[in-house]
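Hi,

Here is the structure I promised to pass on. Have a look first, and my notes follow below.

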Amino acid sequence: MLTSPFRGRSRSAIAGAATLACAATLGGLVALAPSASAGEFLVNGGFETGSLSGWTCDATAKAVTGQAKSGSYALAGTPGASDTAQCKQTVTVAPNTAYTFSAQVKGSYVYIGVDGGASTWTPGTGGAYQQLSVGFTTGATQTSATVFLHGWYGQPAYYADDASLSGPGGPTSPPTTPPTTPPTTPPTTPPTTPPTTPPTTPPTTPPPSGGLPAHALVGYLHASFANGAGYTRMADVPSTWNVIDLAFGEPTSVTSGDIRFNRCPATECAGVESDADFKAAIQAKQAQGKKVVISIGGQNGQVQLTTAAARDTFVSSVSAIIDKWGLNGLDIDFEGHSLSLNTGDTDFKNPTTPVVVNLISALKTLKAKYGSGFVLTMAPETFFVQLGYQYYGSGPWGGQDPRAGAYLPVIYAMRGDLTLLHVQDYNSGSIMGLDNQYHSMGGADFHIAMTDMLLTGFPVAGNTANVFPPLAPSQIAIGLPASTNAGNGYTAPAEVNKALDCLTKKTNCGGYTTHGTWPALRGLMTWSVNWDKFGGSEFSNNFRSYFGS
């Protein structure tokens, strides 16, 4: 990245990355006893059998005495570095029916939810028992649902009691036939039926705004290197930019987790300001309401948090950068081989790959340390996000690129803490959208299709029982190159405006039909502030003209 004008690498052969594995089976249904009261669907919801009968749990979960909310027993889970001490139960449900899953929970970051649907959690404090509750409505043909309870990686033990799944009437008899066996040869065709309304609900808690305006412009500032765009002093960044990403913080080695931010030397960047002037300019931007964050990674900054020690070093070293310069937060721009999924890691909601688990844990720790005002953004490539509609990791039979969709578990885990997701809609191969058509970068159509996927949700690897839920429009900015010099996939202002019209007003959509209208779409991101200045500020001027800011 330091010698290239581009932020990411071209991925031109996505369609041939691997065969699609879209078949999946649901775990065996729990044999239900008659409900104790009409409308109760769970078995052993109070754990009063003194065991975890009726539940499928990680080895780190058990029934204990002395911690019950009511009765004698409660669920106790002790998360580890690679598990969340999860318990799940699958029950038979009726189609097109509303249900409520609730539980009494105690501990830090205790989650309850339904697979493929809503979830909620406690904040990072322990304290007394509190009730959590999520509602969901089954699909037109849905006959089973799986609910879950779990803690969080590396957090203290949690407790849960009085779990209940309620709905109209009691449960019906479970199917008598076992789940089907996956085919021995994976299918070779993509999903043939586009999803309609996703079987999920958006987060019930508003996502963090990070103190951003209704429509924000995000730009990366070449702060640690020079290239053809030239050096731009922090004080000279125009006021149009609402979020300024300092590019880049990089590790001392791929697996060290030790991140360093080295400012560009005067021998490389003519006119570079002193550290004191740089810090003063950051403070001046912040006084104007702007956010300045450190971006970690980039094309050359491969980061693999393979161990707990690397995770902890990442937290401490990133904290040191934030504290030294007085920054507002962190941008994760992991590219290349920073994130990939181990063979057998097939559930984005419950990842097991250390580099993914440790990154999530590190981000949770940083968010907890700096509080609600902490700005957290991510800039993945399409290969790591939208490609997950077709392929996820190496797939259930192996052979696929293990990086496919590898950002999905990170985004999913951090969705309640994520200020902005701005996927790079550039340096990308063609990607299949929710219309099951391939879309290519460079015009409005690509941005419409890719953004619609994030705002609608999509089945991961074609599995309609495993849906990546939609993010809030206020959490989404569209990532584009500022000019033809900045990266492949440059989009002319008129096409950018068409994409914005379609997504926020449902006009100028061309041949693609979106699944909604999102006037609260947060804005645009670009690589980069420097390239925009080099190109006569075309990108930022167009943003200001469109949004009137």
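Where does Lys290 lie? Lys290 sits in the loop between α1 and β14 (291–298). Helices here are DSSP runs of H or I with at least four residues, strands are E runs of at least two, and both are numbered from the N terminus.

Before going further, the ground rules. This is a predicted model, where local features need pLDDT of at least 70, side-chain atom pairs count only at pLDDT 80 or more, and totals for chains, interfaces and linings use all residues. Residues are numbered from 1 along each chain as its sequence is written, and side-chain values use heavy atoms, with hydrogens and water left out.

**The lysine**

Back to Lys290: it is buried yet has no salt bridge. The nearest side chain of opposite charge, Asp532, is 13 Å away. For the terms: buried means under 20% relative accessible area, exposed means over 50%, and partly exposed is in between (1.4 Å probe, protein chains only). A salt bridge needs a side-chain nitrogen of Lys or Arg within 4 Å of a carboxyl oxygen of Asp or Glu. On charges, Lys and Arg count as positive and Asp and Glu as negative, while His and the chain ends are not counted. What Lys290 does have is the backbone oxygen of Ser239, 2.6 Å from a polar atom of its side chain.

**Aromatics**

A search of the whole structure turns up 21 aromatic pairs. Rings of Phe, Tyr and Trp (its six-membered ring) pair if their centres lie within 6.5 Å; planes under 30 degrees apart are stacked, over 60 edge-to-face, and the rest tilted. One of the pairs is Phe261 with Trp325, edge-to-face at 6.3 Å centre to centre and 80° between the planes. This pair links distant parts of the chain: Phe261 is in the loop between β13 (259–260) and α1 (275–287), Trp325 is in helix α2 (residues 308–325), and they are 64 residues apart. Phe261 counts as buried because its relative accessibility is 9%, and Trp325 counts as buried because its value is 5%.

Trp325 also forms an edge-to-face pair with Phe278, at 5.3 Å centre to centre and 85° between the planes. Phe278 lies in helix α1 and Trp325 in helix α2, so this pair ties together parts that are 47 residues apart in sequence. Both Phe278 and Trp325 are buried. Phe278 has a charged neighbour too: Arg263 lies over its face, 4.1 Å from the ring centre. (A charge sits over a ring if NZ of Lys or CZ of Arg is within 6 Å of the ring centre and within 35 degrees of the ring normal.)

Elsewhere, Phe348, Tyr389, Tyr412, Phe458 and Phe468 form one aromatic cluster.

**Strands**

How many residues of β11 (residues 216–222) are buried? Seven of its seven. Both faces are covered, with Ala216, Val218, Tyr220 and His222 buried on one side and Leu217, Gly219 and Leu221 buried on the other. β11 runs parallel to β23, joined by four bridges, and Val218 stands opposite Met525 in β23. β11 also pairs in the parallel sense with β12, over five bridges, where Tyr220 stands opposite Asp245. Two strands pair if DSSP finds at least two bridges between them.

There is also an open sheet of five strands, in the order β1-β4-β9-β6-β7, with antiparallel pairing. Its edge strands are β1 (56–57) and β7 (119–121), and each pairs on one side only. β6 (residues 111–114) and β7 are antiparallel over three bridges, and Tyr111 has Trp121 in β7 as its bridge partner.

A cis peptide bond joins Ala247 and Phe248, with omega about -5°; Phe248 lies in β12 (residues 243–251). The bond from Trp527 to Ser528 is cis as well, with omega near 10°, and Ser528 is in the loop between β23 (523–527) and α7 (529–534).

Two asparagines have positive phi. Asn96 is near 50°, in the loop between β4 (87–92) and β5 (98–106), and counts as exposed because its relative accessibility is 56%. Asn436 is at about 60°, in the loop between β18 (431–432) and β19 (438–439), and is buried, with a relative accessible area of 12%.

Cheers

Methods: Polar contact = N/O pair within 3.5 Å; in protein donor to acceptor, adjacent residues only side chain to side chain.
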